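Subject: Structure handover

Hello,

Here is the structure you were going to look at. Please open it beside this email and read the two together.

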Amino acid sequence: MIHTKIIMCFQKVPWLLDLGRLSLGFTNGISGYLVPIYIAEITPKNLRGRFTAIVPLMTCWGMSSMYVVGSFVSWRTLALIAIIPSILQLPLLSFIPESPRWLANVGRDKELESALLCLRGEKAYISDEATDIKHYVDSLKSISEEGILDVFQKKYVRPLLIVAGMVALLSLGGVNAFTYYSGVIFVSAGISSMIGLIALAAAQTLLGFLGTIFIDKSGRRPLLLVALAGLCFSSFLTGLSFLLKDYNWWGEGTPILALIGILMYKGSFVVAVGIPWLLVAELFPINVKGSAGSICNFISGITGWAVAYYFNLLTKWSSAGTFFIFSAFCCANFILAATMVPETKGRTLEEIQASITHSSQ
């Protein structure tokens, strides 16, 4: 990631910038689903949702700070500034323990117990947890060999379709358009780009904190439904503001309507975005989790790219119509979550995955 940003900063020809963006997309895509999975595997069941919800909150903080800083410096300088967090992460990686479940999967039982003691505290009683993890991993190995095609077994098809559908609909709901073109959307709606971006950072922070607090109290499903309803309504509100502007109706109110819509959208997205990746960690056992995460990540990337690429073309056709389309996809995601997403709060990963296996038999 560091070398990619250096290439982007000092390149003199367009193709190097394209190469840098492509490489950055790969690294961001991989880390975007690995980090929530890793956190879900190392945290206890009563804190798993809360810790995983911190990831999108931190991501939005970083993006919001880059929005503000980018208003004062050139994009080359911004690329150099973005190198600093990457450099700071490198030495910290040596202090991160391996996932206990991965260690069990590769037969390193002694290291598994050491990792659990590192994560839970030197005086913590980890014998039962270590035994449960080892027994469950051994039972998986006795059923099937680890392979990328195992994720297409009958018992995993339903959770795979649920999570893949959720990430696809989240991307098709316009998140990349709102992320990459926030400043442009603010200006098009008649709002100062700087005021809009600062308000955006504040809204994301506030709602992200609320999501972190409530995810382990209210559960994943209720919080997800509230967030998806917010995405649907806010997209519709943004589209309505452009529709009113196109017909010169309520001229003084349309910028406020657009601002409320965009702030509500980004705030709702901070709450919603981490839950599908948390479900990848919770619903799939260790032998297929990598395959499931890769498939979902690929689908999310492709649909997100399509939205970002065609957004300008769609707005030339109709700005209002574009956001109404985003609203329809968000509504479809709400229906999917309401009818198919299970509640996983308060259960260990082994309990969740065992219940899925038994229900499919």
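First, the ground rules. This is a predicted model, in which local features need pLDDT of at least 70 and side-chain atom pairs count only at pLDDT 80 or more, while totals for chains, interfaces and linings use all residues. Residues are numbered from 1 along each chain as its sequence is written, and side-chain values use heavy atoms, with hydrogens and water left out.

Helices here are DSSP runs (H or I, at least four residues), numbered from the N terminus. Their axes are lines fitted to C-alpha atoms over the stretch in contact, and angles run from 0 to 180 degrees between N-to-C directions.

Helix 2 and helix 3

Helix 2 (residues 14–42) and helix 3 (residues 48–70) have axes that come within 9 Å and cross at roughly 160°. Helix 2 is therefore roughly antiparallel to helix 3 (the term is for angles over 145 degrees). The crossing is right-handed (the near helix is turned clockwise from the far one by less than a right angle). Helix 2 brings Val35, Pro36, Ile39 and Ala40 to the contact, and helix 3 brings Arg48, Phe51, Thr52 and Val55 (contact means heavy atoms within 4.5 Å). By class, there are six nonpolar, one polar and one charged residues in this contact (Ala, Val, Leu, Ile, Met, Phe, Trp, Tyr, Cys and Pro count as nonpolar, Asp, Glu, Lys and Arg as charged, and the others, Gly among them, as polar).

Helix 9 and helix 14

Helix 9 (residues 154–172) packs against helix 14 (residues 254–283) at an angle of about 155°, and the axes are 10 Å apart. These two helices are therefore roughly antiparallel to each other. Among the residues that make the contact are Pro159 and Val163 of helix 9 and Tyr265 and Phe269 of helix 14. The contact has 14 nonpolar residues, no polar and no charged ones.

Helix 13 and helix 16

The axes of helix 13 and helix 16 come within 8 Å and cross at roughly 165°. That makes helix 13 roughly antiparallel to helix 16, and the crossing is left-handed. The contact divides into 19 nonpolar, seven polar and two charged residues.

Aromatic pairs

How many aromatic pairs does a search of the whole structure find? It finds twelve (ring centres within 6.5 Å). In one of them, phenylalanine 242 and phenylalanine 323 are stacked, 5.5 Å centre to centre with 10° between the planes (stacked means planes under 30 degrees apart). Phenylalanine 242 is in helix 13 (residues 220–246) and phenylalanine 323 in helix 16 (residues 319–340), 81 residues apart.

Annotation

The unreviewed UniProt entry gives "transmembrane region" for several stretches, including residues 51–69 and 160–178; such annotations may be inferred rather than shown by experiment. Residues 51–69 are 100% helix, with the end C-alpha atoms 28 Å apart. Residues 160–178 are 89% helix, with the end C-alpha atoms 27 Å apart.

Regards

Definitions and conventions:
Angles under 35 degrees count as roughly parallel, over 145 as roughly antiparallel, 65 to 115 as roughly perpendicular and the rest as oblique. Rings of Phe, Tyr and Trp (its six-membered ring) pair if their centres lie within 6.5 Å; planes under 30 degrees apart count as stacked, over 60 as edge-to-face and the rest as tilted.
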